[in-house]
Amino acid sequence: MKIYNLHFTYNNSVPVNSTENSPLQIYPNPFTNKTSIVFDNPHNSSYELIITDITGKKVKEIKEIRSNTIEINRKELRSGIYTVELKGEKLFMGKIIIE
């Protein structure tokens with residue numbers, strides 16, 4: 001077996017636009033009527049949003065999200081603290097507070 005033109009390079013720098021462990025941006029938070037959730041999704045990958053109450057009960061689910069912004073309307077959600085989980089190419093987690 002012959003190996004030709006084998007080159008190795010090493011780069012220990014981290015790109016400025018690295019998205020590893022990027023948090024959700026939720027604003028306004030707390031909110032009364034609606035809030036926006038912004039996350040990194042440069043390839044328009046498919047994500048699923050799951051909102052659970054403090055008891056762990058799923059109260060809202062949105063599938064096939066392909067943008068990087070989600071608007072959540074309060075509608076039937078009661079005042080309280082909720083966990084937000086965004087599943088897809090990456091996993092994002094956060095909390096929302098409804099006044």
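Glutamate 71 is partly exposed because its relative accessible area is 47%, where partly exposed covers the range between buried (under 20% relative accessible area) and exposed (over 50%), computed with a 1.4 Å probe and protein chains only. The model is a predicted one, so local features need pLDDT of at least 70 and side-chain atom pairs count only at pLDDT 80 or more, while totals for chains, interfaces and linings use all residues. Residues are numbered from 1 along each chain as its sequence is written, and side-chain values use heavy atoms, with hydrogens and water left out.

Glutamate 71 forms a salt bridge with lysine 34, with 3.9 Å between the closest N and O atoms; the term requires a side-chain nitrogen of Lys or Arg within 4 Å of a carboxyl oxygen of Asp or Glu. This pair links distant parts of the chain, 37 residues apart, with lysine 34 in strand S2 and glutamate 71 in strand S5. Lysine 34 also counts as partly exposed, at 44% relative accessibility. The whole structure holds 4 salt bridges. Among them is the one between glutamate 64 and arginine 66, at 3.7 Å from N to O, and another joins lysine 87 to glutamate 85 at 3.8 Å. Lysine 87 is partly exposed, with a relative accessible area of 38%, and glutamate 85 is partly exposed at 21%.

Turning to the fold, the chain has 7 strands and 0 helices, taken as DSSP runs numbered from the N terminus (helices: H or I, at least four residues; strands: E, at least two). Of its 99 residues, 27% count as buried.

Some backbone details deserve a look. Most residues other than glycine have a negative phi, and most peptide bonds are trans. Glutamate 64, found in strand S4, has a positive phi of about 55° and is exposed at 55% relative accessibility. Lysine 75 has a positive phi of about 40°; this residue sits in the loop between strand S5 (69-73) and strand S6 (80-87) and is exposed at 66%. Cis peptide bonds join tyrosine 27 to proline 28, with omega about -10°, and asparagine 29 to proline 30, with omega near 10°. Proline 28 lies in the loop between strand S1 (25-27) and strand S2 (34-38), and proline 30 lies in the loop between S1 and S2.

Aromatic rings come next. A search of the whole structure finds 3 aromatic pairs, meaning rings of Phe, Tyr and Trp (its six-membered ring) with centres within 6.5 Å, called stacked for planes under 30 degrees apart, edge-to-face over 60 and tilted for the rest. The rings of phenylalanine 39 and tyrosine 47 are edge-to-face, because their centres are 4.9 Å apart and their planes stand at 70°. Both phenylalanine 39 and tyrosine 47 are buried, and together with Phe92 these residues form one aromatic cluster.

Isoleucine 54 lies in the loop between strand S3 (47-52) and strand S4 (58-65) and is exposed at 73% relative accessibility.
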